[in-house]
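Dear colleague,

Here is the structure I said I would pass on. My notes on it come after the files.

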There are 2 protein chains.
Amino acid sequence: MRLTTPTLLLDKKKCLNNIRRMVQKAKENGIRLRPHFKTHQSAQVGAWFREYNVDAITVSSIKMARYFANQGWNDILVAFPANVLEMDSMNELASRIKLHLLAVNEETVEALAIGLKHPVNLWVKIDTGYRRTGVLANNHTDLDNILKKIKESDMLTFGGFVVHDGHTYKQTDTYAIQTIHNTSVYLLQLLRERYIGQFPDLQLSIGDTPSCSILNNLSGVDEIRPGNFVFYDLMQQRIGSCSFDDIAVCVACPVVAKHQKRGEIIIYGGSVHFSKDALQQEDSSVIFGRVVEFTNDGWTAPVNGIELVSLSQEHGIIKASPEQFDRYHIGDMIGILPVHSCLTADLMKGYMTTDGEVLEHLSGVSQRELKLL
Amino acid sequence: MRLTTPTLLLDKKKCLNNIRRMVQKAKENGIRLRPHFKTHQSAQVGAWFREYNVDAITVSSIKMARYFANQGWNDILVAFPANVLEMDSMNELASRIKLHLLAVNEETVEALAIGLKHPVNLWVKIDTGYRRTGVLANNHTDLDNILKKIKESDMLTFGGFVVHDGHTYKQTDTYAIQTIHNTSVYLLQLLRERYIGQFPDLQLSIGDTPSCSILNNLSGVDEIRPGNFVFYDLMQQRIGSCSFDDIAVCVACPVVAKHQKRGEIIIYGGSVHFSKDALQQEDSSVIFGRVVEFTNDGWTAPVNGIELVSLSQEHGIIKASPEQFDRYHIGDMIGILPVHSCLTADLMKGYMTTDGEVLEHLSGVSQRELKLL
């Protein structure tokens, strides 16, 4: 198919390899893989996981949960502090699937206990170092109060403790990531010891993409929830989670202008396509993507001497060596690996596989259409 | 109406005031206002401009041009280097509206001359200092070659010279913005003098939001093309283009968690809602939005001691003074002025006016629906 506008290409073979490796790792560790679907947000990519017997998933909003519930998924964790304003939607979901929610504060548990009409598994978010959200692992007072409230409610079953180690994203060596992960698992196990008497079925859930990709031993928890691994991206390659060759998405962008004297190529592809997430370079400059060359069935590793260095709303500026500059002409499509594939996929609103198949992304489905589902 | 998820609120009164002021300024200067519609991308907001007799518009993609052509706009400039891969769409548009395109390179003109089947007004993008894209104003060799190619084509009529002074966005004082604008107008007038003999109808088009908002005298050109002024945002307030009170959009976000010890409120509202555009503070920290309080018919100016300081995909972290922290509870909606309204609107995919009216944004219309238009 002839591409004419910025298009998010998806290499299905690479994607399936990424899925298979993570499924295999979970199996070897004897734990459940509950993949986070916020990265792809696609009915079709989701279906690929089913072929590997994945039947429980993670999402980050009620809207996403409804979308995947409508695709037949019926064991869904919304890994985001429950938004009590969406009680009606939560009830609708809880009436038809096994819904898992998350709480950080006692007030949330109180509101859920009052508003829910169907049983829900409620997990408690624990902060073991990321400091975004969650009850601090040693804050037993708050935990006691929250768990007491959960126990008192007929609609709430305590699921267990959930951690997201987002601070692994700042690391670039295995030892640092290992240390973060071990700390979290240790703190989670202390919590299990403390509360297992009261809640014999409580589970431990963890799992950012760096830890789950880099570490082999993921034992000590019941489930992992990585998401980004399905596509990976330049940030994950920098962290060490993947090689360039594992990155399964690439944005194809038209070349629309060239400025020879300063070696700059202007592409149709800006912050409304890539997002403004940048990757800092050694000289502390930043890049927004790296250029690859298209092959018969996909693309190469990133080429040296040519990078996406600036984004405005629809324009991207590529800086190129004289040799690379001359390879591209107005009207060519140029391939760019994104810095952060989750945000790029959300903005691109859909995929085209390297075999020419068009895949959906939730953000490309309009509100009107969602109501029809 | 009861809001339950992140919602982009639009104060129609403020928006109409912003439109009216710019219309008035163009009138006083005796020049045409060709507003850039990439900021709102909304059929309904577009219609508000019609009431002020605006009949010519600017967009930044062919897709946007088609959307507004379908809404009855028939004089549209695509202010982006023509993407020659979209020849079929350009032809379709050129067959039914007065289409203006932009070129930076001779190769683009050649491809258009070959591919176009309907007449088009072709403008040349001039770079007067922004250094994103455009022919340098003193590069007469390239300009001579480009204009010769335009003249030779039956389908192309030379429209004139277009400048976008994006570097005004880095300024925060009137004098700097005045200097940038005067330089561009001067360089454009030199070009007019040089080419008016060959092209007696050539026009000069300029107009970023800072210059058009701050300067009173915009004479010396034929048209201005500001866009962001329709909503403004924190970045424009910082530059001096508007007051806080002129900012016509505000994101309402649910409070989903609270961390008292560190004074942090977690909202449902992240980079997929706001974009990652940040505003640097005096202490070189960055913020992603400022908090306002809702009133009966809109919202207040930003409150001190409470700011949106961090974003991940769906979470936002608000840092609050103890006093402000106590004002908000789980399940409340909190109002946040965005840093960059163009990107926020693109991500939010639609608006709700403070009167409860739902307005469309092009990014919320699916590909499927667009084909039906």
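This is a predicted model: local features need pLDDT of at least 70, side-chain atom pairs count only at pLDDT 80 or more; totals for chains, interfaces and linings use all residues.

Cavities. The structure contains four cavities of 30 Å³ or more. The largest cavity holds about 120 Å³ of space. Its lining is made up of 14 residues, and those nearest the centre are A:S271, A:S275, A:L347, B:S275 and B:L347. Both chains take part: helix 10 (271–274) and helix 12 (341–348) of chain A, and helix 10 (271–274) and helix 12 (341–348) of chain B, each give at least two residues to the lining of the largest cavity. By type, the lining residues of this cavity are six nonpolar, four polar and four charged.

Strand 12 of chain A. This strand spans residues 264–268, and five of its five residues are buried, so the strand is largely enclosed by the rest of the structure. Both of its faces are covered, with A:E264, A:I266 and A:Y268 buried on one side and A:I265 and A:I267 buried on the other.

Which strands pair with strand 12 of chain A? One is strand 11 (residues 249–259) of chain A, which runs antiparallel to strand 12 and is joined to it by four bridges. Here A:V255 stands opposite A:I267 of strand 12. Strands 11 and 12 of chain A form a hairpin with four residues between the strands, and A:G263 in this hairpin has a positive phi near 60 degrees. Another partner is strand 17 (residues 315–320) of chain A, also antiparallel to strand 12 of chain A, with five bridges between them. In that pairing A:I266 has A:I317 of strand 17 as its bridge partner.

A loop residue. A:K170 sits in the loop between strand 8 (156–162) and helix 7 (174–195) of chain A. Is A:K170 buried or exposed? With a relative accessible area of 73%, A:K170 is exposed, the cut-off for which is over 50%. A:K170 and A:H118 lie 52 residues apart in sequence, and their C-alpha atoms are 40 Å apart in space.

Regards

Key
Residues are numbered from 1 along each chain as its sequence is written. Chains are lettered from A and ligands numbered from 1 in the order in which they are written. Side-chain values use heavy atoms; hydrogens and water are left out. On a 1 Å grid over the protein atoms alone, a cavity is a set of points where a 1.4 Å probe fits but cannot get out, and a pocket is an open set with protein on both sides within 12 Å along at least five of seven lines; lining residues have an atom within 4 Å of a point. Grid points are joined across faces, edges and corners, and a volume is the space filled by probe spheres set on the points. Ala, Val, Leu, Ile, Met, Phe, Trp, Tyr, Cys and Pro count as nonpolar, Asp, Glu, Lys and Arg as charged, and the others, Gly among them, as polar. Buried means under 20% relative accessible area, exposed over 50%, partly exposed in between (1.4 Å probe, protein chains only). Two strands pair if DSSP finds at least two bridges between them.
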